[in-house]
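I opened my notebook to this structure and jotted down what I looked up, entry by entry. Come along if you like.

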Amino acid sequence: MKKLDNLIIIRGAGDIATGSIQRLHRSGFKVLCLEVAQPTAIRRTVALSDAIYVGETRVEDIVARRVETIYEIENAFEDGVVPVMVDPECKILEELEPDVVVDAILAKKNLGTRIDMAKGTVALGPGFIAGEDVDIVIETNRGHDLGRLIFEGPAAPNTNRPGNIDGFTRERVLYAPKTGKIINRHDIGDIVEQGEVIATVEGGEVTAKISGILRGIIRNGTEVFEGMKIGDVDPRITTNPKTISDKARALGGATLEAVMILKNRNAYK
C-alpha cells in the first residue's frame, strides 16, 4: 500500500462535493475523487464529476482530470489538478493509504463507507451514524445547523423537500415524466419561462413550473427513470450557475474543519 502525504479520498464529485474538494485542494491537500461510471450530476457546470465524461473540466480555480492508474493520479497531483477516478467500490484503498476518507455522495444512505476505511472518516448528510459508520457526520440540512459537525449520532433525517428559494421548494425542481433517454431543449444558464418545455423523455415533456434561470439539467442523452430529479430552475435570475453554491461552500468549510480535527487527533495517537 502506497502512502501519499496529505492524501484525502472523497467519494463523489457532484456539485456539493465540489465545494469540499475546492476547500481541501486550496488548503494543500492531495484530493482524489472516486465516482461512478456515469455520474448523474444536475449542476454539471459546478461538478468536477463531469471530468468522467470529458476527460478534464474546470470549476472556478479547480481543474479535475479523469485518471485510471496510480501513475496518472501522481501525475495529476504534480500538475496541480484533482484526479477523478471511476471506482464506486473504493478498490483503490487496496493500493493507497489516505489520511481521511470523505463520503460526499449525498445519497441519503450509506453506500458502503466504513469507519475503518482510513485513520479518519467523514460523511455528509443523513444515512450515517457518527461513532459507528464514520468518525464525523456533517449536517447538510439547510437552516441553523447547516455545516454542524456531529461526533456522536446521525444527521437530521432526509426531509424529501427541496430547499426554499424565494418561497419555492418542489416547484423549482424538474422530474423525469417517464423512463428513457432525456433530450434537452435548454442548457444550464438559459432563462426559461413558466410552462416552457425544458426537455423530453420518450415524448413526455418536462416543463418549467416557475420562471427563472436553468441552474441545472442532467447531461443530454442520459438514461433516466420516472420520477428522477433531472434539473432545477432558480427564480433568482441573477444566480451564477457557473460558481459553487453557498451551501456547497458552507459544507466545504465544515469538511475542511472535520479533516483537520481528525488529522490532529491522529497525529498524537
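**Salt bridges and their surroundings**

I started with R219, which is partly exposed, with a relative accessible area of 22%. I kept in mind that the model is predicted.

I then looked up the partner of R219 and found a salt bridge with D50, the closest N and O atoms being 2.8 Å apart. D50 sits in the loop between β2 and α2 and R219 in the loop between β17 and β18, so the pair ties together parts that are 169 residues apart in sequence. D50 counts as buried, because its relative accessibility is 11%, under the 20% cut-off.

Both partners turned up again when I checked cavities: D50 and R219 are among the residues that line the largest cavity, along with others including Y53 and I218. That cavity holds about 40 Å³ of space, and its lining divides into four nonpolar, two polar and three charged residues.

Next I looked up D99 and K263, whose side chains meet in a salt bridge at 3.2 Å, N to O. D99 is in the loop between β5 and β6 and K263 in helix α4, so this pair ties together parts 164 residues apart in sequence. I noted D99 as buried at 10% relative accessibility and K263 as partly exposed at 24%.

My last pair was R26 and D61, a salt bridge of 2.9 Å, N to O. R26 belongs to helix α1 and D61 to the loop between β3 and β4, so they tie together parts 35 residues apart in sequence.

For the tally, I wrote down 17 salt bridges in the structure.

Conventions: Residues numbered from 1 in each chain as written. Predicted model: local features only at pLDDT ≥ 70, side-chain atom pairs only at ≥ 80, totals over all residues. Heavy atoms only, no water. 1 Å grid on protein atoms, 1.4 Å probe; cavity = no way out; pocket = protein on both sides within 12 Å on 5 of 7 lines; lining within 4 Å. Points joined across faces, edges and corners; volume = space filled by probe spheres on them. Nonpolar A, V, L, I, M, F, W, Y, C, P; charged D, E, K, R; others polar. Salt bridge = Lys/Arg side-chain N within 4 Å of Asp/Glu carboxyl O. Helix = DSSP H or I, 4+ residues; strand = E, 2+ residues; numbered from the N terminus. Buried < 20%, exposed > 50% of the residue type's maximum accessible area, 1.4 Å probe, protein only.
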